[in-house]
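Here is a short briefing to read alongside the sequence and the 3D view. Keep the viewer open and follow along from topic to topic.

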Amino acid sequence: MDRLDNTIRPYAWGSPTAIPHLLGVEPTGEPQAEMWMGAHPGAPSRTGRGTLVEVVDAGPEKELGPAAVAKFGPRLPFLLKILAAGAPLSLQVHPDLAQAKEGYADEERRGIPVDAPHRNYKDANHKPELICALTEFDGLCGFRDPLEAAGLLDDLGVDSLKPYVDLLHAHPEDAALREVLTAILTADPDEMSRTVEEAAAACDRLGGAYAPYADIAHHYPGDPGVIAAMLLNHVRLQPGEALYLGAGVPHAYLQGLGVEIMANSDNVLRCGLTPKHVDVPELLRIVHFRAGDPGVLRPEASPDGEEVYETPIDEFRLSRYVLPEAGTTHDLTRPTPQILLCTAGSVRAGEHDLTPGGSVFVPAGEKAEVSGTGTLFRATVIA
């Protein structure tokens, strides 16, 4: 079992206080957005045996187990994070596995450098993800009912939004959503900037259900993503609740602290709330234009105390243990690789004492006994 030393990424949208508060350290005054735990080459966790990339590369079957290597290849297939949003992230969507392979191969054939700002596909993998709230957590997830979106826009009283309101009343629903999102993202930039300015002022005035969009507009003045965001479901998670974000589902995190897990990929297509490249034709190819409930997940408890967040993919499996008393020991040994993360209290994992933010990597099949009083998240795979 290896204690992990993890990198904190200072993205501009990060909270300057949430991760330091969790870790029990003084804030630096700079944003601290994500703490990465895993073997992503961009910021691999460090162990006493080298980086986790080096550890896995030196013995994939020993570290990951034969079944995981056979199913996912000789790499850790997930990335675990603590995410602290102090401002809205970009409105985005992820491709499915077939789309990622096709898009990556196409951009490779065309010779687009992998670090080019207009490159869409950094790798050939999909990026399903799960966010579990540690604090109250706000986000946007999936399309709301078009008629509900039409009412939200109409009540702003902004004349330039009337055409979108009319389109949202059209049938079928998927075509209406596609047409409106296309119109928003391809509108004249100056005209859209004025529309967003008027809409933001109305959101400020109305408050209530409009407050999240007023805040988004404050961070991204004039951005068409402010209007696009109003097409989506606003979700407020309570601690312990989660959202699963599959391929094609537009989403954005707005504010809060959570544990996030995802397939090991960097593939993101942006819809707005960003100065980065927005490839509208490719985006429209990837987005699923389906309205519906965002589907808040609550963990399903098993007899041994494990609470599992069920998802339809195998690259990751997230669960948690809420340990009520120090005298009880849980055996977490599995034939697949694991990362264990403490988020509250004090937990002993093998020979390691973990406090909030502390984590360990457990190679496949290695004995993993935990005890203590606190909350422990467990990340592994289904192989």
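Arg320 touches Gly240, Pro299, Gly305, Glu306, Glu307, Tyr309, Leu376 and Phe377, leaving aside residues up to four places away in sequence. Please bear in mind that this is a predicted model.

- You will find Arg320 in strand β16, which covers residues 317-323.
- Is Arg320 buried or exposed? Its relative accessibility is 18%, so Arg320 counts as buried, the cut-off for buried being under 20%.

**Arg270, the annotated position**
- UniProt lists Arg270 under "active site", and the entry is unreviewed.
- Arg270 belongs to strand β13, made up of residues 269-272.
- Because its relative accessibility is 21%, Arg270 counts as partly exposed.
- Which residues does Arg270 touch, not counting those up to four places away in sequence? They are Ser90, Leu91, Gln92, Lys276, His277, Val278 and Leu283.

- His352 sits in strand β19 (residues 352-354).
- At 18% relative accessibility, His352 counts as buried.
- Not counting residues up to four places away in sequence, His352 touches Met1, Asp2, Arg3, Val347 and Val360.
- For Met1, there is a polar detail to look at: its backbone oxygen lies 3.2 Å from a polar atom of the His352 side chain.

**Helix α10 and its packing**
- Helix α10 spans residues 211-219, and its buried residues are Pro212, Tyr213, Ala214, Ile216 and Ala217.
- What do the buried residues of α10 pack against? The helices are α6 (146-154), α9 (189-206) and α11 (225-229).
- The strands that pack against these buried residues are β9 (137-143), β10 (232-237) and β12 (251-263).

**Domains**
- The domain assignment gives domain 1 as 2-140 + 236-297, domain 2 as 145-218 and domain 3 as 307-380.
- How far apart are the C-alpha centres of domain 2 and domain 3? They lie 44 Å apart.

Conventions. Residues are numbered from 1 along each chain as its sequence is written. This is a predicted model: local features need pLDDT of at least 70, side-chain atom pairs count only at pLDDT 80 or more; totals for chains, interfaces and linings use all residues. Side-chain values use heavy atoms; hydrogens and water are left out. UniProt positions are given in the numbering used here, feature names are shortened, and annotations may be inferred rather than shown by experiment. Helices (H or I, at least four residues) and strands (E, at least two) are DSSP runs, numbered from the N terminus. Buried means under 20% relative accessible area, exposed over 50%, partly exposed in between (1.4 Å probe, protein chains only). Contact means heavy atoms within 4.5 Å. Domain bounds come from an automatic or database domain assignment. A polar contact is a pair of N or O atoms within 3.5 Å; within protein, one must be able to donate a hydrogen and the other to accept it, and residues adjacent in sequence count only if both atoms are side-chain atoms.
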